[in-house]
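Student: I've just opened a new structure. Can you walk me through it?

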Amino acid sequence: EIIKERKKEAKYDEIINSNLTDEDVKATVYEFIKMRKLIKKPMTDRALNLMLNKLHKLANNKDVAIKILEQSILNNWQDIYELKQDKFTNKKEPAQNVGSLRNL
């Protein structure tokens with residue numbers, strides 16, 4: 001079981017290293033893979049290749065790629081999707097003081 005897991009991780013490394021060069025994007029892809037394992041939906045090698053190809057199509061730079069992956073991680077999505085633009089992106093509200101929330 002442990003040996004099988006190590007072989008799978010080595011194969012993931014090969015696929016990721018052959019498709020990506022930026023270390024930040026690689027780290028975020030590993031976090032996405034970890035999230036998929038935690039929701040009991042591990043990725044096959046083919047699924048990883050398809051996801052990376054889709055990421056290249058959706059993202060025009062590393063920052064967008066990271067945001068796309070983080071969006072899927074945050075929402076526990078099994079796939080990656082175009083970056084959702086929040087209706088209120090332009091309107092930034094000041095963060096509330098955590099201390100005042102305790103009084104409620």
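This is a predicted model: local features need pLDDT of at least 70, side-chain atom pairs count only at pLDDT 80 or more; totals for chains, interfaces and linings use all residues.

Student: Okay. How many helices and strands does the chain come to?

Tutor: There are 5 helices and 0 strands. Along the sequence the pattern reads α-α-α-α-α.

Student: And how much of the chain counts as buried?

Tutor: Of the 104 residues, 24% are buried. The chain exposes about 8,200 Å². Carbon and sulfur atoms supply 51% of that area.

Student: What share of the contacts comes from residues 24 or more positions apart?

Tutor: It's 57%, counted over contacts with a separation of 6 or more.

Student: Let's go inside. Which residues of the largest nonpolar core touch the most other members?

Tutor: Val29, Leu48, Met51 and Leu52 do. That core has 20 residues. H1, H2, H3 and H4 each supply at least two of its residues.

Student: Which helix gives the most to this core?

Tutor: H2, with 5 residues.

Student: New topic: charges. How many salt bridges are there?

Tutor: The count comes to 6 salt bridges. Side chains of opposite charge can pair when their charged atoms come close.

Student: Start with Lys62. Where does the salt bridge with Asp22 sit?

Tutor: The N to O distance between Lys62 and Asp22 is 3.6 Å. Lys62 lies in helix H4, residues 62–74, and Asp22 in the loop between helix H1 (2–19) and helix H2 (23–38), so the pair ties together parts that are 40 residues apart in sequence.

Student: Are those two buried or partly exposed?

Tutor: Lys62 is partly exposed, at 34% relative accessibility. Asp22 is partly exposed as well, at 25%.

Student: What about Lys62 and Asp24?

Tutor: Their side chains also meet in a salt bridge, at 2.9 Å from N to O. This pair links distant parts of the chain: Lys62 is in helix H4, Asp24 is in helix H2, and they are 38 residues apart. Asp24 has a relative accessible area of 44%, so it counts as partly exposed.

Student: Which residues does that leave linked in a network?

Tutor: Asp22, Asp24 and Lys62 form a network of salt bridges.

Student: Last stop: Gln71. Buried or exposed?

Tutor: Gln71 lies in helix H4. Its relative accessible area is 11%, and buried means under 20%, so Gln71 counts as buried.

Student: What does the side chain of Gln71 reach?

Tutor: The backbone nitrogen of Lys84, at 2.9 Å.

Student: Which other residues does Gln71 touch?

Tutor: Again, skip residues up to four places away in sequence. Besides Lys84, Gln71 touches Trp77, Tyr81, Glu82 and Leu83.

Definitions and conventions. Residues are numbered from 1 along each chain as its sequence is written. Side-chain values use heavy atoms; hydrogens and water are left out. A salt bridge is a side-chain nitrogen of Lys or Arg within 4 Å of a carboxyl oxygen of Asp or Glu. Helices (H or I, at least four residues) and strands (E, at least two) are DSSP runs, numbered from the N terminus. Buried means under 20% relative accessible area, exposed over 50%, partly exposed in between (1.4 Å probe, protein chains only). Contact means heavy atoms within 4.5 Å. Accessible areas come from the Shrake-Rupley method with a 1.4 Å probe; for residues, only the protein chains shown count as cover. A nonpolar core is a set of buried Ala, Val, Leu, Ile, Met, Phe, Trp, Tyr and Cys residues joined through side-chain atoms within 4.5 Å. A polar contact is a pair of N or O atoms within 3.5 Å; within protein, one must be able to donate a hydrogen and the other to accept it, and residues adjacent in sequence count only if both atoms are side-chain atoms.
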